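Please open the model in your viewer and keep the sequence panel beside it. The stops below say what to select next and what is found there.

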Amino acid sequence: MAEKEQGLEKKALEGTPPMRTSFAKKYGLILALIVLVIVLALPTPKGLSIAGQRMLGVLCFAVVTWITEAVTYPVSATLIASLMLVLLGTAPSLVPAQAAAGKVIGFGKAVTMTFNGISAGGTVLVGAAMFLAAAMTNTGLDKRIALTILSKVGSKTSRIVAGMIFVGFVLAFFVPSTTARVGCIIPIVLGIIAAFGLSNQSRFAALLMVVTVHAASIWNIGIKTAAAQNMVALGFIERELGGTITWLHWFVAAAPYAAIMSVVLYFVCMKLLPAEMDEVEGGDETVKKSMEELGPMHPKEKKLLVISVLLLAAWVTEKVLHPVSTTASTVIAITIMFLPGIDIMTWKEAQSRVSWGTLVLFGIGISLGSALLSTKAAMWLATQLVTTLGLAAMGVFAVFAILAAFLIVVHLGFASATAVASSMIPIMIAVLKSLNIPGLNMIDITMLLQFVVSFGFILPVNSPQGILAFATETFTAKDCMKVGIPITIIGYILLLVFAQTYWRFLGIL
């Protein structure tokens with residue numbers, strides 16, 4: 001079972017979900033190329049450079065490729081990189097005088113623009129987080145944490161559901177990879193279902209699996225280091241807005257929202273996906289048996305637990321007790337794991353568990369967004385969006401409400417929150433810059449909009465963890481929508497309530 005789930009996790013991370021139609025996958029790349037050619041063939045609009053127009057073409061190509069899933073996400077990243085190299089390298093210089101003299105950006109500069117995201121702080125943090133998640137999986141510490149919590153909740157269905165949500169919350173602190181967290185919990189859920197003598201098609205199975213997936217998404221919002229897409233937004237904030245968001249600041253802003261959403265998740269799931277029974281016979285024994293199979297905590301687990309707790313303390317106290325950034329502290333922690341005498345994990349063990357393709361996608365995604373901003377393509381697109389929606393005449397709250405709704409709708413077409421963040425957050429930043437509202441806190445509003453990027457609740461294909469869980473055949477897309485639509489609506493309303501109350505009190509809005 002563990003090997004099967006690791007295979008499913010890798011499949012989800014590498015972006016090969018099984019739910020798109022064969023037509024879309026077969027012709028998606030052709031459609032993406034047609035859209036690219038059309039954008040490039042159009043007359044260059046006033047106020048947009050040729051390089052900017054070409055980057056909009058690349059953006060359209062990327063969006064169509066990501067939505068249709070014509071190729072895997074890592075392959076899409078290499079295609080995007082190649083297009084950027086050719087189209088930017090041959091584009092007229094971004095300096096008007098040089099462009100008038102016939103000079104081009106050149107391939108040297110194009111290489112820098114295409115791959116600068118690989119060296120971004122966010123990419124480094126995601127890479128380090130993947131190693132930390134790999135260590136958790138390799139030692140089994142993540143599974144021990146989950147089973148320890150479940151051993152305390154009892155055998156009532158309601159308490160098991162609450163326990164699964166709490167597991168998602170606790171693991172979000174220690175396993176900075178959504179798919180890795182869900183990949184750890186899925187075998188436990190399947191084991192519980194089998195031990196109870198229930199089938200994977202039972203209502204109880206659907207209830208537990210849907211809760212597991214959505215709890216992970218909710219705490220992607222609540223904790224800065226819980227998801228890769230958060231690092232995308234932070235990368236753009238640092239590069240384009242010249243600021244940063246500490247782990248504690250993010251947590252103070254987001255954790256209360258995520259906590260309330262966790263309660264909402266509990267009641268919505270219990271109401272709309274009721275299990276066949278109120279209490280599961282033998283529930284306690286099943287969890288205890290799984291704990292016994294793990295055996296006593298071995299030295300590697302103890303060392304990793306100590307390092308993880310110290311790392312969490314370093315994140316929480318960033319810029320409060322010390323100046324070390326989240327990225328730096330995480331890299332240092334990973335380095336310590338490999339030191340002689342510590343030996344939590346070997347490099348060979350780590351590299352087989354790290355999704356290198358996802359890391360490439362992440363870096364190229366940041367490069368794509370940065371190029372949209374540096375060529376002024378994002379600003380031009382933002383101007384069109386502001387004009388069309390009349391955002392310039394609106395207040396901060398109305399702007400936030402509209403942009404948040406826009407992101408929720410856009411997310412329906414994507415199977416990766418990282419892809420959503422890479423393509424949409426630069427545009428959101430450009431929109432905020434174009435508004436010229438005095439006192440507008442662009443850094444914090446961008447953070448709030450990033451919260452919405454994790455709203456992958458409605459369809460299983462809206463997130464890798466959803467794809468991973470869906471592959472177990474324990475629930476249907478209808479089950480996911482039955483819960484996901486109300487949670488999305490309530491989540492959006494709660495965003496607006498927080499914007500008018502708690503976040504206003506914090507000075508964010």
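Predicted model: local features only at pLDDT ≥ 70, side-chain atom pairs only at ≥ 80, totals over all residues.

Begin by selecting Ile342, which sits in the loop between helix H16 (326–338) and helix H17 (347–351); helices here are DSSP runs of H or I with at least four residues, strands are runs of E with at least two, and both are numbered from the N terminus. Ile342 counts as partly exposed, because its relative accessibility is 24%; buried means under 20% relative accessible area, exposed means over 50%, and partly exposed lies in between, with a 1.4 Å probe and protein chains only. If neighbours within four places in sequence are left aside, Ile342 is in contact with Lys303, Ile307, Ile336 and Met337, where contact means heavy atoms within 4.5 Å.

Residues are numbered from 1 along each chain as its sequence is written, and side-chain values use heavy atoms, with hydrogens and water left out.

**Two loop residues with positive phi**

Most residues other than glycine have a negative phi. Select Lys319, in the loop between helix H15 (299–316) and H16, where phi is near 65°, a positive value in a residue other than glycine. Lys319 is exposed, as its relative accessible area is 54%.

Next select Glu473, in the loop between helix H23 (464–470) and helix H24 (477–500); Glu473 is not a glycine, yet has a positive phi of about 60°. Its relative accessible area of 57% makes Glu473 exposed. Not counting residues up to four places away in sequence, Glu473 touches Asn200 and Gln201. For a distance across the model, pick Leu147 as well: the C-alpha atoms of Glu473 and Leu147 are separated by 23 Å, and the two residues are 326 apart along the chain.

**A buried loop residue**

Thr225 lies in the loop between H11 and helix H12 (228–240), and at 5% relative accessibility Thr225 counts as buried. Display its surroundings, again leaving aside neighbours within four places in sequence, and you will find contacts with Pro176, Met231, Trp247, Trp315 and Thr326.

**The nonpolar core**

Which residues touch the most other members of the largest nonpolar core? Select Leu368 and Trp503, which hold that place among its 178 residues; such a core is a set of buried Ala, Val, Leu, Ile, Met, Phe, Trp, Tyr and Cys residues joined through side-chain atoms within 4.5 Å. Helix H11 (residues 203–222) gives the most to this core, with 14 residues. Around Leu368, apart from neighbours within four places in sequence, the contacts are Met55, Val58, Leu59, Ala62, Trp66, Ile80 and Met84.

**H4 against H6**

On the H4 side, colour Ala81, Met84, Leu85, Val86, Leu88 and Gly89, and on the H6 side Gly106, Phe107, Ala110, Val111, Met113, Thr114 and Phe115, which together make the contact.

Leu272 belongs to helix H13 (residues 247–272) and counts as partly exposed, at 30% relative accessibility. Leaving out residues up to four places away in sequence, Leu272 touches Lys482 and Pro486; Leu272 and Pro486 are 214 residues apart in sequence and 9.8 Å apart in space, C-alpha to C-alpha.

The structure holds zero disulfides.

How values were computed: Disulfide = S-S within 2.5 Å.
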